[in-house]
Amino acid sequence: MASSSAYYSNEEATIQRETDVHVADLVATPAEKLNEIYEIERCVKYIKEKKCKKVSLQFPDSLLVDASNVAKQLENNCDAKIYILADTSYGHCDIDEVNAKHITSDLLIHYGETSLTPSATIPTLFVFGRHPSLIDADKVCEIFRETYPSKCDTRVVFLHHVSCDYIADSIASRLVPEYPYLSVGELNIPKDPGGAKGLQAGEEEENILKDLCTKSCPGCPCRLENTDKNKKGDLTRPTELQGSKLSENVIKILVHPEQTKNDSNLTRINNIDGITNSSTASKEGEDVSYEASETTEYPTNISNGNNSASKEDGDTHHPDCKDYVTGFYTIPLEFDKKLSDYSIFYLGSKNAESLRNFMLTHPTCNVHVFDPETGIERMQSNTNRQLMKRYYLVEKVKDAKIVGILCGTMGVAGYLECMNYMKKIGKAAGKKIYTFIMGKLTPEKLANFLEIDIYVLVANPEHNNIDVSNFYRPVVTPYEFEVACNPSREWSENYVTDFRTILPGGTNFVEFPENYSKDDETTMSLISGNIRTNNNSDIENCTENADALAIRNDKTSVAVFGPNSSAQKLSERSWKGLEQKLGETPVTKATKGRSGLPVSYNEMIDF
Amino acid sequence: MVNFTDDQIRGIMDKKANIRIMSVIAGEDHEKSTLTDILVSKAGITAVSEAGITAEKAGESPAHSLYYELPGTEKDDNGFLINLINSPGHVDFSSEVTAALRVTDGALVVVDYNSGRPISDQTVTALRQAIAERIKPIVFINKMDSALSQQQVGKEDLYQIFNRIVESTNVFISTFGGSDETQAFRDIQVFPNKGTVGFGSGLQGWAFSLKQFAEMYAEKFQTTAEKLIDKLWGDNFFDIGTKMWSETKSDTNERAFCLYVLDPIYKARDAIMNNNKQEIEKWMKSTGVTLKGDDKDKTGVSLMEVFMRTWLPAGDTLLQMIAIHLPSPVTSQKYRMELLYEGPKDDEAATGIKNCDPKGPLVMYISKMVPTSDKEKFYAFGRVFSGTVKTGQEVRILGPNYVPGKKEDLYMKRIERTILLMGHHIKPIEDVPCGNFAGLSGVDQYLVKTGTITTLATAYNMKVIKFSVSPVVRVAVEVKKSEDLPKLVEGLKRLAKSDPMVQFIIEESGEHIVAGAGELHLKSRMKDLEEDLANIPLKISDLFVSYRETVTKESGVMCISKSPNKHNILYMRAKACPEGLDEAIDDGDVTPRQNIKTRAGLLADKFDMDVNEARNIWGFGPGGTGPNLLMDVTNGVQYLNEIRDSVVTGFQWATEKGVLCEENMRGVLVKVHDVTLHADAIHRGGAQIIPTTRRCIYACQLTASPALLEPIYWVAIKCPEAAVGRIYIVLKRRRGQLIEYDRQPGTSWYNIKAYLPVNESFGFTEDLRNTSGQAFYHFVFDHWSILLENKRDEIISITRKRKGLSEEVPKLDQYLDTP
């Protein structure tokens with residue numbers, strides 16, 4: 001029985017489709033632990049406080065077994081209607097706000113591993129869950145001491161994976177008194193509407209202040225005093241204070257977008273092309289929250305390695321301390337030191353994407369990883385190799401004439417700006433650009449477009465570096481694309497994983513030169529060894545003046561097409577579409593064909 | 001040295017009949033540069049700098065310009081402009097020699113009088129290329145000084161040695177030029193009595209040709225030099241007593257060459273070596289040699305040197321030979337045009353080249369990129385074959401991949417500056433007419449290594465040079481600090497540009513691979529790179545060679561692969577290409593651009609393929625031109641033409657990266673036997689077909705006894721008898737394979753020829769030096785050969801590891817589906 005209609009595919013097939021997760025490995029969490037792991041209480045508190053009516057829950061595939069139990073618990077404890085989002089479109093790190101919006105939910109709770117990127121349109125609460133292996137804080141401390149035996153002169157940064165967040169603080173607080181130069185990296189949790197940490201920041205400012213001073217300023221004299229005698233000195237305010245205040249501001253802004261319009265503190269930054277044309281959802285809300293995060297709080301905008309905290313007047317700062325912000329983490333560093341002066345101790349799975357990104361962006365760091373499953377390990381940095389691989393892709397982009405921009409996210413703030421920016425620089429560099437929107441990337445989907453030379457994936461930084469070895473054409477990140485297209489940007493060893501920082505207004509933004517002649521880019525390709533050029537003047541003339549009258553030339557030909565035009569590509573194909581074969585085939589009566597979706601045809605009709 | 005002003009230089013450039021363009025072909029020692037120095041110091045043009053203009057220094061000199069006034073001709077056209085191309089001697093650099101040949105008309109072939117073989121293999125290789133390019137040779141028999149001093153060789157013996165050299169040279173010339181039917185390029189054999197063979201010593205700076213001696217004696221014999229010269233070579237004997245010529249040797253007569261050419265030299269030598277003042281005085285007088293300054297006090301060998309150099313100066317002799325016997329561009333372009341030009345032989349450009357017409361359309365061939373002194377840019381150096389190249393001229397730059405009518409590899413640019421590269425100096429010049437060299441600035445970025453510059457819109461390319469060596473030896477270069485990466489890349493780009501034999505590519509693994517002709521070549525280039533071009537600390541890997549993947553049998557089963565949606569099924573088999581077909585494709589005898597029927601006929605005749613099948617070749621791969629074939633042998637499959645492009649694409653992909661270790665495939669013939677397709681077009685698109693084709697070809701490869709091919713050198717070793725045994729051992733240890741060996745007639749030297757895997761050639765030099773200090777050898781890439789099985793697996797795993805792949809070759813079931 002063929003049960004499919006023309007609009008959706010056979011439900012049986014959908015149900016039987018297998019995911020990457022092995023069902024056998026999944027064990028539901030016992031009810032008594034549910035509250036602890038999924039932080040039910042915190043969520044309930046938050047839902048009640050914000051009087052949310054419809055709440056969407058997003059689980060990664062590996063945690064789906066617990067989804068219904070969590071949903072039940074939440075529903076029992078508050079009046080909100082709870083939905084579980086079924087299908088993640090791009091990756092589990094990504095906030096699936098499109099789905100959440102289908103049911104007009106006013107809050108999304110994201111469980112499990114996350115990229116901590118702020119959502120553009122919907123308040124999001126992150127619940128990290130817990131690493132499946134039990135972490136023994138004592139053991140971690142012990143191993144830490146073994147790894148760094150000399151306590152007084154080792155500079156170490158302590159970082160942790162989100163799944164270890166629940167225990168990281170307690171471990172850090174034990175180690176801080178022992179190691180005067182230990183600096184503890186904080187997760188950059190988007191201070192979304194009343195997320196637990198955000199609330200804290202507002203209410204318990206004083207405590208935090210204390211806390212920060214004892215734990216975040218390595219080598220700070222006050223802390224040395226603290227560790228000596230626990231004596232409180234005359235503390236100067238640490239830098240976080242400004243941050244906390246601002247983030248408080250942001251919280252309000254995000255919750256009540258209409259307020260921000262009057263907020264004179266927020267100046268409009270660059271008006272990026274297309275931002276106001278955003279077709280998704282509440283236009284203003286998106287605008288404003290995006291900008292808010294740009295100006296004040298979103299951490300990656302604070303430049304890599306620069307003393308970002310000294311924006312405000314320097315008097316109130318602790319003189320020896322600065323914040324170093326990198327993708328995931330905010331790391332307090334001594335004023336005159338760089339991150340490369342520190343060793344890194346990382347708690348969490350050694351295969352984590354966040355660790356890989358960290359190592360890619362900081363190739364010179366000496367990293368030790370404590371994996372709860374396998375124990376301590378020194379990570380060999382093969383980053384040089386990785387960077388060379390990336391450089392190969394940059395060269396590929398330079399060679400490419402036709403580029404596909406893949407929209408791999410709908411949720412990450414700034415994706416639209418990024419795509420527009422990619423289009424802009426791509427065109428300026430003489431490439432032909434097509435835009436694609438598709439769900440999870442598969443080699444098959446991309447292979448449908450033979451003529452595309454390379455794809456740029458605008459997506460969450462956490463799964464930018466997808467494995468593309470089976471793809472017919474390579475997929476690159478916006479950063480790589482920009483390195484290849486923007487002649488002003490120079491290749492550096494500091495790899496940028498977050499596309500937002502390369503956009504206009506971002507900290508890594510490099511202006512595209514205005515009077516840039518494409519001829520300068522005619523050079524030897526390192527992939528093919530031939531000369532490549534990006535001079536597509538023919539195409540530009542065609543497209544830009546498509547509505548203008550063309551001057552008839554001597555040969556009275558209708559159009560002239562350049563080497564990259566689609567007409568040229570078509571003419572190179574051996575098959576150009578339906579063949580008429582007039583007179584070559586016998587005349588027959590028309591017969592009834594098949595109907596429905598091709599995947600679910602159950603008989604092959606013999607023509 | 002000759003001093004000229006700009007106008008004078010420009011003036012002689014117009015006299016195209018008096019222009020000679022030549023290079024020196026010599027073996028692997030310093031004689032080539034010695035001879036070049038002799039010529040340059042004799043006749044090199046120094047541009048006189050006009051006030052305020054100082055000649056800019058060029059990085060290296062691609063050519064020397066010489067000016068020579070031929071004595072005994074009319075004043076107006078006795079001045080010859082001789083352009084001498086520089087090229088290094090070692091075989092690893094022979095690409096430079098090849099590149100130089102294209103732009104020359106003649107060659108001075110230097111042959112050692114006393115070397116083990118009459119002509120070294122390397123010289124033979126260059127000579128073969130020269131004749132294939134229709135370049136006229138003249139021969140100089142060098143190192144005659146050792147016959148006079150070190151070895152006491154009799155006059156008749158010396159004649160026999162000379163005669164053997166001349167004869168064997170002519171054998172080579174007629175073999176290489178045997179098929180050349182061109183009327184104009186027929187008489188290229190060399191004869192001493194025609195003046196095309198010179199004798200002498202480059203080291204001591206003297207040389208003579210029979211012409212000089214004939215002129216000397218003409219008066220005495222009361223005949224003309226032209227008549228006498230014939231008597232001075234070959235079996236012409238003169239009896240002094242009877243004053244009778246004879247063609248047979250008797251007791252009383254003597255060979256004229258010995259009597260009139262060698263005898264005076266021998267006698268003068270004896271006088272000088274015995275320090276017989278009276279005799280010396282007599283010889284000085286009769287030869288008209290007067291010594292000056294310190295030379296007067298010299299005795300023995302050094303006096304002999306000075307005497308000979310003053311009596312028979314090498315520069316004059318050689319320049320005379322060059323001016324008289326090498327063709328001018330006007331002569332040579334007539335018969336060379338059809339070899340040089342790819343287009344129709346009667347179009348405007350062809351006519352312009354043929355007539356060497358300075359008013360014709362501009363056709364210029366760029367043969368080399370010469371770095372500017374700051375090494376930032378390059379001058380495109382080449383020869384103008386037709387028309388006149390001018391500063392500011394709007395030209396079309398045709399790269400090697402240009403196809404007339406298309407826009408690929410075509411650039412239209414203005415020439416920034418026309419310059420002359422003379423020795424180590426460059427000089428701006430307004431324009432350069434055909435038959436001359438010119439350097440252009442402002443076009444280097446549009447050309448990789450070579451190319452054609454023209455003003456004619458319909459002009460075709462000049463033929464691309466084919467090199468006798470292939471870049472099979474590789475190194476991977478890595479920066480020590482990753483921020484230096486762009487500098488490395490820039491340096492590598494410059495390296496690749498300035499050396500025609502260096503290839504530089506980035507592999508998918510991110511490795512920067514530099515490929516060159518041999519160990520020495522690459523090592524010296526890497527030194528250049530690290531110290532000069534990139535100037536950054538580098539990590540340079542050990543040398544390795546590139547391999548190719550192939551199959552040895554036909555696929556044992558019909559390979560079936562299903563598309564991701566399971567609705568399309570491909571049926572294919574692979575087998576090895578007929579023997580020699582891969583080389584025919586490499587050589588351009590079988591190409592994708594050929595007419596399908598001609599090609600099918602060729603394949604059927606030469607390679608015993610089925611004509612009908614041969615007509616259904618879908619593609620060559622990788623890169624659309626590689627030595628693997630995809631053939632359609634299906635029968636009446638519906639929609640087949642729709643998926644053809646996708647299948648070809650998948651084939652390119654698979655042949656570029658074979659299944660064993662992602663190396664290129666070579667000599668694999670893939671046949672598409674059947675195809676089952678989904679009835680709906682959307683479900684048989686590229687997405688379904690491309691990856692499936694690749695999987696299916698991988699399955700074919702795995703089921704057809706896959707193998708690896710390794711590059712093999714042809715080695716020629718020359719050694720004394722005592723070292724032969726030890727050299728065998730070295731060869732055996734290095735998996736060498738002996739082809740032949742023989743004893744050099746009349747010497748104790750042995751010639752050994754062998755095949756040696758390139759991979760085993762690293763360190764061969766040291767090895768040979770340790771075993772036998774006296775051995776000489778040279779390698780040339782010869783062919784690909786299948787690697788033994790035990791070695792193969794090792795190489796596969798090393799290569800996979802280097803590329804960052806899983807160490808195991810993927811299993812067949814990943815690619816093979818059940819129907």
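Biologist: What makes the four strands E14-E13-E15-E16 of chain A a sheet, and in which sense is the pairing?

Modeller: Strands here are DSSP runs of E with at least two residues, helices are runs of H or I with at least four, and both are numbered from the N terminus. Two strands pair if DSSP finds at least two bridges between them. Strand E15 (residues 454-458) and E16(A) have two bridges, in the parallel sense, so they meet that definition. A:Tyr455 has A:Val475 in E16(A) as its bridge partner. The sheet is open and its pairing is parallel.

Biologist: Why are E14 and E16 of chain A called edge strands?

Modeller: E14 (432-437) and E16 (475-476) each pair on one side only. This is a predicted model, in which local features need pLDDT of at least 70 and side-chain atom pairs count only at pLDDT 80 or more, while totals for chains, interfaces and linings use all residues. Residues are numbered from 1 along each chain as its sequence is written, chains are lettered from A and ligands numbered from 1 in the order in which they are written, and side-chain values use heavy atoms, with hydrogens and water left out.

Biologist: Which strands does helix H16 of chain A lie across, and at what angle does it run to E14(A)?

Modeller: Helix H16 (residues 415-428) lies across strand E13 (402-407), E14 and E15, and runs at about 160 degrees to E14(A). Axes are lines fitted to C-alpha atoms, for helices over the stretch in contact, and angles between N-to-C directions run from 0 to 180 degrees. Contact means heavy atoms within 4.5 Å. Helix H18 (residues 478-485) lies across E13, E14, E15 and E16 of chain A, at about 125 degrees to E15(A).

Biologist: In what order do E1, E2, E3 and E4 of chain A form an open sheet?

Modeller: The order is E2-E1-E3-E4, with parallel pairing. Strand E2 (81-85) and strand E4 (124-127) are the edges, each pairing on one side only. From one strand to the next the twist averages 25 degrees. Strand E3 (residues 107-111) is joined to E4(A) by four bridges, and A:Ile109 has A:Leu125 as its partner there. Helix H4 (residues 67-77) of chain A packs on this sheet, touching strand E1 (54-58), E2 and E3, and its direction makes about 165 degrees with that of E2(A).

Biologist: Turning to chain B, why is strand E9 said to be largely enclosed?

Modeller: Buried means under 20% relative accessible area, exposed over 50% and partly exposed in between, with a 1.4 Å probe and protein chains only. Five of the five residues of E9 (residues 197-201) are buried, so the rest of the structure largely encloses the strand. B:Val197, B:Phe199 and B:Ser201 point one way and B:Gly198 and B:Gly200 the other. In a regular strand the side chains alternate between the two faces of the sheet.

Biologist: What makes B:Thr125 buried?

Modeller: Its relative accessible area is 18%, which lies under the 20% limit, so the word applies. B:Thr125 lies in helix H4 (residues 121-132) of chain B. B:Val780 is 655 residues away from B:Thr125 in sequence and 9.7 Å away in space, C-alpha to C-alpha.

Biologist: What covers the count for strand E24 of chain B, and how many of its residues are buried?

Modeller: Seven of the seven residues of E24 (residues 473-479) are buried. B:Val473, B:Val475, B:Val477 and B:Val479 lie on one side, and B:Arg474, B:Ala476 and B:Glu478 on the other. Five bridges join E24(B) to strand E26 (residues 512-516) of chain B, which runs antiparallel to it; B:Val477 has B:His512 as bridge partner.
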